Amino acid sequence: MKEFYQMTKTEVRKEMNGGLYPLNNTQVLERQKKFGPNELEEGKKKGKMQIFLEQFQDFLVMILILAAIVSGFLGDWESTLVILVVITMNAILGTVQTLKAEQSLKSLKALSSPEAKVLRDGRIVKVPSSQLVPGDEVYLEAGDAVPADGRMLESASLKADESALTGESLAVEKTHMVLQGELPLGDRTNMVYAGSFVTYGRGSYLVTATGMNTEMGKIAGLLKSTSEKKTPLQVNLDQFGQKLSMIILIFCGILFGVSVFRGESIESAFLFAVALAVAAIPEALSSIVTIVLSFGTQKMAKEKAIIRKLQAVEGLGSVSVICSDKTGTLTQNKMTVEQYYTGENVIDVSQISMEDPLQKKLLLHSMLCNDATNLGGKEIGDPTETALINLGSKLGYDCMKVRDEYPRISELPFDSDRKLMSTLHPMDGKAVMVTKGAVDVLLSRLKWIETEHGIEEITEKHLAEIIKCNQAFSRHGLRVLGFAYRILEEERDLVLADEKEDIFLGLIAMMDPPREESKEAVEECIRAGIKPVMITGDHKVTAAAIAKRIGILKEESEACEGAQIEHMSDEELQEFVEGISVYARVSPEHKIRIVRAWQDKGNIVAMTGDGVNDAPALKQADIGVAMGITGSEVSKDAASMILADDNFATIIKAVENGRNVYKNIKQSIQFLLSGNFGGILTVLFASLAALPVPFEPVHLLFINLLTDSLPAIALGLEPHTKEVMEEKPRPVNESILTRDFLSKIGIEGLVIGGMTVIAFLIGYQDGNHLLASTMAFGTLCLGRLFHGFNCKSSHPVIGKKEMWNNPALFGAFFIGAILMTAVLCVPALHSLFKVQTLTMFQLLTVYGLAFCNFPIIQILKAIRASLSK
């Protein structure tokens, strides 16, 4: 079956309505029942309680809940209460973040026009757009939003802005003529689509699709079917939680077995195993990660990057491919004059001079044969015409004043058959007809040419030079308009026959130019090991020209059109994407497939965009980035991050932030796990040496929730460095628990555990379990505070500025030390924390052993650094 754009008007009417007559009210009601309202459907949302309960699905959280239940059964209600409070707070934090619900479909609904002019029972009436049905005949004029998809019946120079759907920056001129062959959406010029709007002219069309069957509806369907991807940190923390949990359970099982084998009661052995689990699990980890990410979002917001989804902060640091839309993202989404050709010379826009009479005449003519206006900064009209009057403003010529000086007497409006527009003006006492239009059409109307030497008859050599210049402009992706004029004998109404024997004046080439900062941002992207890819609905020549200028495209072979990937299998596409940097004339489905192909190759993909057509790909990408100023609400709601300044370069700052955030989170995890490992080793030593349990559960919770949390948060706020941008993106499957990372945790935990065991043995010399437990508790707690400075860097920090650059860490250290000293020295707290009063010598011993962790680990870091060179 033929597509609607391949059918004649009669064939379309017969296909939709079974005849040539418009629908009557009875037929409309029948179709409304059959097809439903012309609206987009919404998917079912999760309830608040469901989201809240999902926060408890984490493996570590489940083990903590189990530990809380066991502690309660054994009568340790304090531990039970503290654990439950912590995991509930985490769940609330997660729920609040998740409840920033997606509004994609609501935003799509808002794009549909509220009313449509439609032919019903032989009369044109206004009806709510939701009541349109396939087969309706709709009338459009400049300023109207298109309410449903359809085939053009009549077009009087109608132009539609389809940039939200196709990414093409220029309004598309519509025709009612039949089109041949397989054509992408942007080239179906006899079709109009819901979500676009009319910028010029008028016309009518027959509705062929409504609601979810429109192209906009298909995008809504893609949004519903596209699942959000977990960020690398979420995946890593999930894997980390499972691995850590299994290690802890194995250790607990061994400890339980050893204790029972030694003749201890099952209850006592179980309490020992629970104490080990509580010591090992970093209860505050998820809260700390959330807090560090929140600080990251605040820093990014100051740099114009608004984070909608918290984990995206870190995810940005893992990005290895950035797929960017062209229009409005890498470019300014504003047509701008680039070059003139007049007087047989090509002049760059920066070199245009009003001292040159030909250049001045070309500027004035381009402002007169022009329907666009710019009043108080509000641009109205076709983007190419707007570009011409904006250039005039820059050169000191106000379009309204120019038009007042040379008023329009008559005109021949632009139409798609002639591809010309002419206007008549009194200029210097003469009646001058100014004509502009497509260069190939204009050349056939020329008899003369104006050069620096005056007006002379045009020759084949002149024509060849004009054609050569036009082709050169086109190869660089520039849109070219030709200008000519003719002096009439008198002021009168223009007729089509007047458009002949014109005097050639010049060419004006324009384009939607790259943002000034795009080239530098792309260079930084490549330096950081990230591959930039342009994906656009625009034409290949235009896309390739922009991509070359900003450094994305090196060779022409790296550019392709969406039609080339249409029939590729997913496996073929995976092989294909590696060698392509620019995709032109692509549909929303193509964008999703390209993003998915990179993901299947093991890459973390960021996708930037501003149109409705970008929304499904933004959601499919690991990190979706929308434009805050020019972006549609749909794209913003589908994105993880919004650029408040629409600046591509801001993404690179965000990547740098993300990499630093990940580095800091990893340092926090190293701090928590090495300290916890020290506690585990102490408990294991006591078990194997047939000594009493060195810690009460309340000791371990005090360390994990208070004296550990503050330094861990402070490490998450370490000052950011530029060095991270010299590294390659980390592999998507790289776990947090790498061999190198585990060896650091093991060595540092061994030192901390060793100092704690020494303190325990010193206290237990006279068999005083409470004293030994108090000294071990104090040493482990204070030792971990000192250890915070070890985790600032992988190399030694003693004697370096790096040691002193984080006031938050010093604050955390002093608060933790004061709290610990208060627990040890204030008698009122002793019963609560199950400690006893220490002598001055014992207190100094605790502080001395705790401090020893710092220099010993610094020496080990220096040795490690020297061996790695």
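Q: In the hairpin of strand 15 and strand 16, which residue takes a positive phi?
A: This is a predicted model, in which local features need pLDDT of at least 70 and side-chain atom pairs count only at pLDDT 80 or more, while totals for chains, interfaces and linings use all residues. Residues are numbered from 1 along each chain as its sequence is written, and side-chain values use heavy atoms, with hydrogens and water left out. Strands (E, at least two residues) and helices (H or I, at least four) are DSSP runs numbered from the N terminus. The hairpin has two residues between its strands, and the positive phi, near 55°, belongs to Asp428.

Q: How many bridges join strand 15 to strand 16?
A: Two strands count as paired if DSSP finds at least two bridges between them. Strand 15 covers residues 420–427, and its Ser422 has Thr435 of strand 16 as bridge partner. The two strands run antiparallel, and the number of bridges joining them is eight.

Q: What is the bridge partner of Thr435 in strand 19?
A: Strand 16 also pairs with strand 19, in the antiparallel sense and over seven bridges. Within strand 19, the residue bridged to Thr435 is Ala484.

Q: How many of the residues of strand 16 are buried?
A: Buried means under 20% relative accessible area, exposed means over 50%, and partly exposed lies in between, with a 1.4 Å probe and protein chains only. Strand 16 spans residues 430–437 and is mostly covered; of its eight residues, the number buried is seven.

Q: What is the relative accessibility of Gly482?
A: Gly482 lies in strand 19. Contact means heavy atoms within 4.5 Å, and, with neighbours within four places in sequence left aside, Gly482 is in contact with residues including Thr435, Lys436, Gly437 and Leu507. Gly482 counts as buried because its relative accessibility is 0%.

Q: Which residue of the turn between strand 1 and strand 2 has a positive phi?
A: Strand 1 (residues 115–120) and strand 2 (residues 123–128) pair in the antiparallel sense over six bridges, and Arg120 stands opposite Arg123 in strand 2. They form a hairpin with two residues between them, where a positive phi of about 55° is found in Asp121.

Q: Is Glu501 buried or partly exposed, and what is its relative accessible area?
A: Glu501 is found in the loop between strand 19 (479–488) and strand 20 (502–511). Its phi is near 50°, a positive value in a residue other than glycine. Glu501 is classed as partly exposed because its relative accessible area is 41%.

Q: What is the phi of Ala690?
A: Ala690 is found in the loop between helix 26 and helix 27 (697–707). Although Ala690 is not a glycine, its phi is positive, at about 60°.

Q: How far apart in space are Glu338 and Leu684, C-alpha to C-alpha?
A: Glu338 lies in strand 10 (residues 336–342) and counts as buried because its relative accessibility is 15%. Beyond its neighbours within four places in sequence, Glu338 is in contact with residues including Ile347, Leu478, Met510 and Arg549. Glu338 and Leu684 are 346 residues apart in sequence, and their C-alpha separation in space is 75 Å.

Q: What percentage of the residues in the protein is buried?
A: The secondary structure comes to 33 helices and 26 strands, and the C-alpha atoms fill a box of roughly 120 × 70 × 50 Å along the principal axes. Among contacts with a separation of 6 or more, 72% join residues 24 or more positions apart. Of the 869 residues in the protein, the buried share is 56%.
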